[in-house]
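Dear colleague,

I am handing over the structure below, and the notes that follow it set out what was found. Please read them with the model open beside you.

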Amino acid sequence: MANADCIIIQGSNMAECHPVGFQWVAEAKARGAKVIHVDPRFTRTSAVADKHIPIRAGSDVVLLGALINYVISHDLWFKEYVTAYTNAATLVHEDFRDTEDLGGLFSGFDPKTGAYDTASWSYAEETGDVIDEPGPGAEHGSGTSARAAGDQFGSGGPSLEHAQVHRDDTLQDPRSVFQIVKRHYSRYTPEMVRDMCGIDAADFEYLARTITENSGRERTTCFAYAVGWTQHSLGTQFIRAAAILQLLLGNVGRPGGGIMALRGHASIQGSTDIPTLFNLLPGYLPVPSAGRHDTLSKYLDAIASKKQKGYWANADAYTISLLKAWWGDAARAENDWAYDYLPRLTGAHGTYETVMGMLEDKIEGYFLLGQNPAVGSAHGRMQRMGMSHLKWLVVRDLNLIESATWWKEGPEIESGELRTEDIETEVFFMPAATHVEKAGSFTQTQRLLQWRHQAVAPPGECQSELQFFYELGKRIRAKLAGSDDERDRPLLDLTWDYPTDEHGDPDAEAVLAEINGRYLYGPDAGKPLSAFTQLRPDGSTSAGCWIYTGVYADGINHAASRKPGREQGPAAPEWGWAWPANRRILYNRASADPEGKPWSERKKYIWWDQEQGRWVGDDVPDFPVDRAPGSHPDPDLGGPAALSGDDPFIMQADGKGWLFAPTGLVDGPLPTHYEAQESPVANALYRQQQSPARLVFPRADNLSAPSAGTSGVDVYPFVFTTYRLTEHHTAGGMSRWLPYLSELQPEMFCEVSPELAAERGLEPNGWATIISPRSAIEARVLVTERMTPLVVGGHTVHQIGLPYHWGVGSNAVVSGDAANDLLGVTLDPNVQIQESKVASCDIRPGRRPRGADLLALVAEYQARSGTTIATGNSAVTDPAAEGIGAEDTGEGGSAEGGP
Amino acid sequence: MGQLSGPTDPTVDAHWEHNHPRQGFFTDTSICIGCKACEVACKEWNHNPRDGNLELLGSSYDNTGALGASTWRHVAFVEQGQERIAEARESGRALVNLGMPRIGPPSEPDPLDLSEVDTTPPDTPDFRWLMSSDVCKHCTHAGCLDVCPTGALFRTEFGTVVVQDDVCNGCGTCVAGCPFGVIERRSDGTAAVAAQREEQHAEHPAVPNVGVAQKCTLCYDRLLTDETPACAKACPTTSIKFGDHEDMVQTARERVAELHAKGLTEARLYGANELDGVGGTGSVFLLLDEPEVYGLPPDPRVPTADLPRMYRRAGVAVAGMLAAAAVAFLGGRA
């Protein structure tokens, strides 16, 4: 980021939530970069930015779409980059229908299942057929088959049968991706931005000019986002929109470019690389799905075709090496490398589906590790009620967090909904070691692994996670010892042996070495691997996470490298270790032009050295190192060998950056603006109000406020957004128990504009009650001009800011009502993330009622607004506009061929 | 005793027999992000107890309020509209154009001279949020030190001013002696913080140094081992810089010039003028508005600076009284 000429921070409050990473923004600014912050609130990030542009929460795709339109219509896109490195020239199948053709839906929507059949979004084959996803799950031209749900993709999800795409390099064919993108965003205008985002034309012009003037051969612009973009019912598409813009401007794979995904806390990047997610195996391999991936070959075919380009074609080597790392000698060719030991998914098992499973008594036990869902997850009441149905609950944390005490002092005890003596859940609290009391690695936002040494031994019975799980595994295996039940084999055959210290804590470096992988046979047997390209699908190598292979090359812990930046080159390769292959900028082949020359001296990074016949530069080249710029191997070679000299996007099945996503997304191939699940504003772009493929949960305990255009919308007239403060850490488990942090932000508060305070009679530093269809909470009032009422579509929209750090309990230094209790559960269908950055509420002065009166207040609002289980939960707002007959909604069918 | 006012090297005044350069902070508020890491790092290192009643102050994001016995770094948050920004820009320009005090012979070409530079301001934003981390000024002429009757306060070899907890008798004279309201006696009204995790939920440890005057030591214990003070070390944006006082002042002056050159004429220095009422401060600040906006006195003056004048006047008065008495006596005789 320090190399950027312009930084757009949108969907993130970077200075507050990532203050350490923000040093690079400060550095860029010191070098002359422009910093613009687009956010509903004026925050500490805005305070040090060159400009703050207030935006209505949830309208980001309108703004980004308008920037895309601006870049295309003012002819400001980076032509050589776009033509050579993106899929702009690729032709899409003729059955594809855009939202412009229909009423706001893409072709393929099935109103019965509420999901898309994505077949018509595919690339066209020369024969006129589609280039489909590989594997047995795909049916050509089928209009009705339910496609893979988002949870069935790893990051190798967007795969293709092969890479023989049909191109029009003039970009003029109406079926070319470029023309489709151009048409799709043609109505995303500055006027639309004014009417939907509340951003006036002058501010839009300033933003668009600053970005475009700082993009091109000589200059680069960087975007940074965090959960302000992800936590929406179409969060994935917010980021896709930024990706399209950055590709059009040539800002990907170059120094000072890209899109920084700012991860929320230490090693949350690591927890997706070596995942705590239900649908991923290490290294972004998908968890197999029952019925779809029943054999290893079916599974591997679904990840990637051997005929597609790039490194996902070697998924067999990554998978089999993982199985060897986990099951050692029990993973053999004749048992498909123990593939059947892997559990199978039968559907989405994200945190919210799990909680609903608890409420249905389908789930008996629950481990909470570094997570405080009673405070930190959307719909706190549902979380706590769910836990009250469990037989057992294990909370491993530093402190007695609210998720460990809800049964005696949670809000439902006070309201009378739960009585301690009726709750049968057995709660175990296991004290955890802190980060200074254990060794291991953190992987941060930039994919950098940084080693953390143990400073002191944990006190008392506190344990590291490593020790806890190692012990748990040993005890379970001891209980199963001698079992001849097939279902116990995966546990009994695990490689489960690590050296431990005198306290029984496993050696974290031994785990790192296992993750890195080693040769299993031959002269090098036992030797650590130094690159993932050494992995083989024949059982001769093991690796616990293929993208981390190399971190322990030559038996050296490279994550512990700490050579100061001033003592090394610009990429600082000897500070920590970045996956993959210690590469600091991904897709950095794109930092050179198609001939392999740097786009400019100023932005020189990786280039082709004709004499040496290889790619050289400041970083590890992200490309086959000897593949000459002009080479065009036969695409049918498949894998890395098929990559052309101008295919910088080596993980993409066609080697190109995707402006249009033919596969991999379940809610649309192009980002399209839909309103949030709850919105007082009508979608001015389409008849369709909300994202049709969003995941809704129509339940009595999960009511949604009426949206614009339906009755009762004025009962919850205000928009609220939730966020964090620098002084606290997420749900407070690591900050509300610390006096030094608690005293800096001691009480729950809400941020409101002076206009809203006047309208509702809110006293500065007094109390306010905020009511949503789920709950009501109280907060102190912070009246501030940092909150700006926005005029949207002729109406004033007031936004209320709610930090979510406090919870109800007596063990912490400070406590208070939890903002997340106000939220409902509506999810993005690609990744199951909740919509917590925008929802509807009312606000009034004074403290909230106590006991049963609180429930009465919430019920009174629900009744007055006429909210029912059906409210806001229909997939298609106006079936007629989409060419969907009434009979279709009952029977299912294709939305193709609409008006 | 050395000088009581005006430019001087306080370590020389204190008769330290070495050439240790004076150490100090430069707090550049233009890049402060208000994270309060300085407040936390300071308390953590110095084992200072929690402050306050755990209630919102209703003062933007500031829930600390002021510097005090247990709070040695304090981040102020100030929200301002367009009019105030324009005024600040104007007053800052006037300050610099009138000529800041300069170091070195006047014949030297001054790189900070902006008379030839175009300082047309960029568009005035309609809103800003100022953040500034305040700290003890470690004055050249330190009122607290000068009035301390026990010798508990002393001038270190780094030119800083430090309380010796075991010598201080809590008389409180220094509290009135500080023109910035920095030093304070510690009451026992707040809880100390557990140093060990085992103590967390057990009995809270006793508050240390109750009744004794307390303030920033510029991490004297860390300076002795060549370590950066905790606040500067923790600052993620280098808003708090630490080093030789002379370099700090020079860096600060260059930064003001840089901002003025960009049209940000609201920038001005605080504490860098050795001709001010405290002989300049060891902690210098770059502010974006008048000092009062941040809760800083616009024209701080060490009370002891007036001692010679007071003694002279007292002397004159005594002489006058004596003369009057003599006249009365002589007159009586006549």
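Two residues are taken to be in contact if their C-beta atoms, placed from the backbone, lie within 7 Å. On that basis, among contacts in chain A between residues at least 6 apart in sequence, 72% join residues at least 24 apart.

Please keep in mind that this is a predicted model, in which local features need pLDDT of at least 70 and side-chain atom pairs count only at pLDDT 80 or more, while totals for chains, interfaces and linings use all residues. Residues are numbered from 1 along each chain as its sequence is written, and chains are lettered from A and ligands numbered from 1 in the order in which they are written.

Chain A holds 25 helices and 31 strands, these being DSSP runs numbered from the N terminus (helices H or I, at least four residues; strands E, at least two). Its radius of gyration, 27 Å, is close to the 29 Å that the globule rule gives for 899 residues, so chain A is as compact as a globular protein of that length; the radius is taken over C-alpha atoms, and the rule is 2.2 Å times the number of residues to the power 0.38. Of the 899 residues of chain A, 58% count as buried, a term that requires 20 or more other C-beta atoms within 10 Å of a residue's own, with C-beta atoms placed from the backbone.

A nonpolar core here is a set of buried Ala, Val, Leu, Ile, Met, Phe, Trp, Tyr and Cys residues joined through C-beta atoms within 7 Å. The largest has 265 residues, and those touching the most other members include I7(A), L67(A) and C841(A). Helix α4 (residues 60–73) of chain A gives the most to this core, with nine residues. Apart from it lies another core of 50 residues, among them Y311(A) and W312(A).

In chain B, the "binding site" annotation of an unreviewed UniProt entry covers C32(B), C35(B), C38(B) and C235(B); positions follow the numbering used here, feature names are shortened, and annotations may be inferred rather than shown by experiment. These residues span 204 residues in sequence, yet no two of their C-alpha atoms are more than 10.7 Å apart, so they gather at one spot. C38(B), in helix α2 (residues 37–46) of chain B, is buried, with 28 other C-beta atoms within 10 Å. C235(B), in the loop between α7 (230–234) and β8 (240–244) of chain B, is likewise buried, with 27 such atoms within 10 Å. Leaving aside residues up to four places away in sequence, C235(B) touches A37(B), C38(B) and I240(B).

With best regards

Technical notes:
A residue is buried if 20 or more other C-beta atoms lie within 10 Å of its own, exposed if 12 or fewer, and partly exposed in between; C-beta atoms are placed from the backbone.
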